[in-house]
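Please open the model in your viewer and keep the selection panel at hand.

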Amino acid sequence: MADRPIVDARGVHKHFGALHVLKGVDLCVAERELVFVIGPSGSGKSTLLRCLNRLEEPSSGSVVVDGIDMLDPRTDINHARQRIGMVFQSFNLYPHMTALGNVTLALRKVAGKSRAEAEALGRAALERVGLADRAGHTPGQLSGGQQQRVAIARSIALEPRVMLFDEPTSALDPELVGSVLEVMRALRESGMTMIVVSHEMGFARNAADRVVFMDAGSLVEEGPPAAIFERPAHERTRAFIGQIQRH
Amino acid sequence: MSRWEQFTDTFFNGRVMAKYLPDILSGVVVTIELAVLVVVTGIAAGLVLALLRSLGVRPLNWLIIGVVDLFRSLPPLVVIVLIYFGLPSAGLSPSGFVATWLSLALVQMAFSEEIFWAGITSVARGQWEAARSTGLSFGQTLMSVVLPQAVRLTIPPLTNRTIAITKGTALGTVVAVTEILGQASSAMSNSYNPSPLMLGAAAYLVLFFPVVVAARWVETKFAWKR
């Protein structure tokens, strides 16, 4: 059990028409590991993430998450997705519901909890992201940072085995980034397995176990953050790191 | 007789109005019955078609689009005449009331489908993705996440269609439905005076006022707090 990776993606290809976005990517993530995926825009990072919970259908390859073959047509995809939390760049909260409504919807409809049970779990999840007092607010009444934390609560309320973060802080004003990263750090300390696509290099340096660099649909190199940031082996990695550190 | 007296005697003749008021009122009842039936069945059928269309089954969508475009382009009067005078050839003889209801409901269905469809497609893709990523099925996402947001956008255009189609019930006169305008115009020809027509117009005003108020109420109810 301990040796089995939580996420085991092999040879994942994705074509969008003539565009070859993923060119045979392998990604294994162990339990409690935090993997950072970096790379230039259009390198396929987000697509890779979206292939893991099948929001995007891989053209070929295999994706196994927590022992479940995500690409097997017999797999109950809705059941499997409960175990894979996902946080989006644009939050994607339901604007017509309160924060608590956002967090409890899947608990009630998918996990089959009663309203009372779902609300107790939902409030606990909002508490974990520091927003217990915002349960009755709608997304429009919350700041971007608060909205993203509600989105994280919406995922963790389902007790996922792994969390996917797709540029979680890219749409935030700089002063709001910290609160979201803090929640992510606490999540990591609680032992959550996380795959993070992000440009928050400071966070990657001191929180990630491993950094994966992607370019043009391929995984170029991977290693501990210090190794990737200080001594990248590939020219393309070096160029990318140099570019983002210049700012 | 002054010009003003001439005018009021022609358009607001109390004697004529009193005489034909009962006829107009019975017309109001028919119009309300017809309008409620048309609006409820038409909007419900339009919603069902829009939901079916969201499934993305291509041949089915072509069929839906074909039917919708047909009934949006045909003048409602033509549809009424076709159903009333055409269906007997198929062994069915609908009454004027039923023919008008069916025809206008089909037209209302076509416009409502397009309105609901526009509402559904205007909901951001991220809403679908967020909901599906938490394990909600396609149907659950549609009903709990997408449709509530879509409906909010559809209320103003649906209100417009509801008012237009309710006025369209007047077309029932061609197949002898005794609704407001039918009653008013036969009263007008019997009395050689257009006052009953003014009564009818007043009846329409009274009829639509609650519709507009109800639409405003639904609009604020579906608006979310910002």
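Begin with Asn92(A), which lies in the loop between S6 and H3 of chain A; helices (H or I, at least four residues) and strands (E, at least two) are DSSP runs, numbered from the N terminus. Its phi is near 55°, a positive value in a residue other than glycine. Asn92(A) counts as buried because it has 25 C-beta neighbours inside 10 Å; buried stands for 20 or more other C-beta atoms within 10 Å of a residue's own, exposed for 12 or fewer, and partly exposed for in between, with C-beta atoms placed from the backbone.

Before moving on, note that this is a predicted model, in which local features need pLDDT of at least 70 and side-chain atom pairs count only at pLDDT 80 or more, while totals for chains, interfaces and linings use all residues. Residues are numbered from 1 along each chain as its sequence is written, and chains are lettered from A and ligands numbered from 1 in the order in which they are written.

Now jump to Ala176(B), in the loop between helix H7 (138–168) and helix H8 (180–191) of chain B. Here too a residue other than glycine has a positive phi, near 65°. Ala176(B) has 13 C-beta neighbours inside 10 Å, so it counts as partly exposed.

Next, select residues 7–16 and 19–29 of chain A: these are strands S1 and S2, paired in the antiparallel sense over 8 bridges (two strands pair if DSSP finds at least two bridges between them). They form a hairpin with 2 residues between them, and Gly17(A) in the turn has a positive phi of about 60°. Look for Phe16(A) opposite Leu19(A) in S2(A).

For the open sheet of chain A, highlight its 6 strands in the order S6-S7-S8-S3-S9-S10, where the pairing is mixed. S6 (84–87) and S10 (218–223) stand at the edges with a single partner strand each, so one side of each lacks a neighbour in the sheet. At the S10(A) end, 5 bridges join it to the antiparallel S9(A), residues 210–215. There, Phe213(A) has Glu221(A) in S10(A) as its bridge partner.

Then center on Val37(A). Leaving out residues up to four places away in sequence, Val37(A) touches Lys45(A), Leu48(A), Ile195(A), Val196(A), Val197(A), Val212(A) and Met214(A).

Finally, show both chains: 22 residues of chain A are in contact with 18 residues of chain B, contact being C-beta atoms, placed from the backbone, within 7 Å. On chain A, helices H2 (77–81) and H3 (99–109) each supply at least two residues of the side that touches chain B.

Notes: Two residues are in contact if their C-beta atoms, placed from the backbone, lie within 7 Å.
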